[in-house]
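This report covers a few helices and the loops that join them. Please look at the sequence and model first.

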Amino acid sequence: MRRHIYAMDNCETVQLSQLADTSTHKAILEEVRRIFLYHYPARYFRAVNRTYRNVKKLYGGEIRGYKACNTDYHNISHVLDILLTTIRLVDGYNSENIPFPVHLTINLLNAALLHDTGYIQEERDNEGTGAKYTPYHVERGVEFLKKNHEAFGITSDAVTLMAELIRCTGFMVKAEKLKFSSPEEKFAGCILGTADLLGQMSDRRYLEKLIFLYYEFKEAGMKGFNTEFDLIRKTIDFYDMTKKRFAETYLNAYMYAQPHFRTRFAVDRNLYMEAIDRHIRYLYKIIQDDSTNFRYKLKRGNWIHTYPRTESR
């Protein structure tokens, strides 16, 4: 079996966005499958592919009883980012330890696909958007899993574990208090909780997408965010808390990104952390420069300047 997909030229300048085709959801799923096959037979990926198809239908409003996703930050693209980050961390872990059993990895990937279903509104819910569920979307996601697992082809035996895995994505959760049957299952939960943060904060358009997140927080009545700029400014403190959480709650699972990049791409660096650090450095520049509205300094995506719900700093 190949030890890596390819060696990157000029690896000192390689960035996360250059490693794989992530331009479409199908391309992301194919990359997830490619990494999965380094450790497991192809037939086992069918379960993940089935869940992916159903989640796509759910977010597109094609599942009876539910509306299409209407949150701009926590959308299907976010879900696929977290799925890819999850399998990369699993690959790094498996490369340096006894690999996760295949069924644990399947449940973990399925949990990644379902972890934010708590933002999806039911058809009878005609007030606002799914953003209003932000404070308790994790438990709503668990309830969605319990209610719909059979329709999604997920066995009853898997529900209990997947519920705890999804709960690991709650930012205030203490993973040590969740009920896992083994240290492996607990670490899988740490991987999903880590991936949920790494995947979104390393996105090339993360800073621009914070505008979307602000309006989700606003609808949910989250305190402490009175303007868009409040969220921009407080993201630096959030990252400090996140790094502490990576170490103390999620048992440094983020470190397994580096063996993945080293083994598969011959790039011996943690490209996720590097991408986030670049974002934070640029945030400092934005905060320190009050010559123009901060939006004019966000350059990835023309929509940032025309997003209709504008506010001044």
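## Helix α10 and the residue after it

Directly after α10 comes alanine 266, with a positive phi near 55°. Helices (H or I, at least four residues) and strands (E, at least two) are DSSP runs, numbered from the N terminus. Alanine 266 lies in the loop between α10 and α11 (271-288). At 34% relative accessibility, alanine 266 is partly exposed; buried means under 20% relative accessible area, exposed over 50%, and partly exposed in between (1.4 Å probe, protein chains only).

Because seven of its nine residues are buried, α10 is largely enclosed by the rest of the structure. The buried residues are Ala257, Pro259, His260, Phe261, Thr263, Arg264 and Phe265. Their cover includes α1 (25-36), α3 (76-96) and α11.

## Basis of the model

The model is predicted: local features need pLDDT of at least 70 and side-chain atom pairs count only at pLDDT 80 or more, while totals for chains, interfaces and linings use all residues. Residues are numbered from 1 along each chain as its sequence is written, and side-chain values use heavy atoms, with hydrogens and water left out.

## The loop between α9 and α10

Leucine 251 sits in the loop between α9 and α10 (257-265). Its phi is near 55°, a positive value in a residue other than glycine. Leucine 251 is partly exposed, at 40% relative accessible area.

## Arginine 245

Helix α9 (residues 228-248) contains arginine 245. This arginine 245 is buried, with a relative accessible area of 8%. Apart from neighbours within four places in sequence, arginine 245 contacts Gly170, Phe171, Met172, Val173 and Tyr250, where contact means heavy atoms within 4.5 Å.
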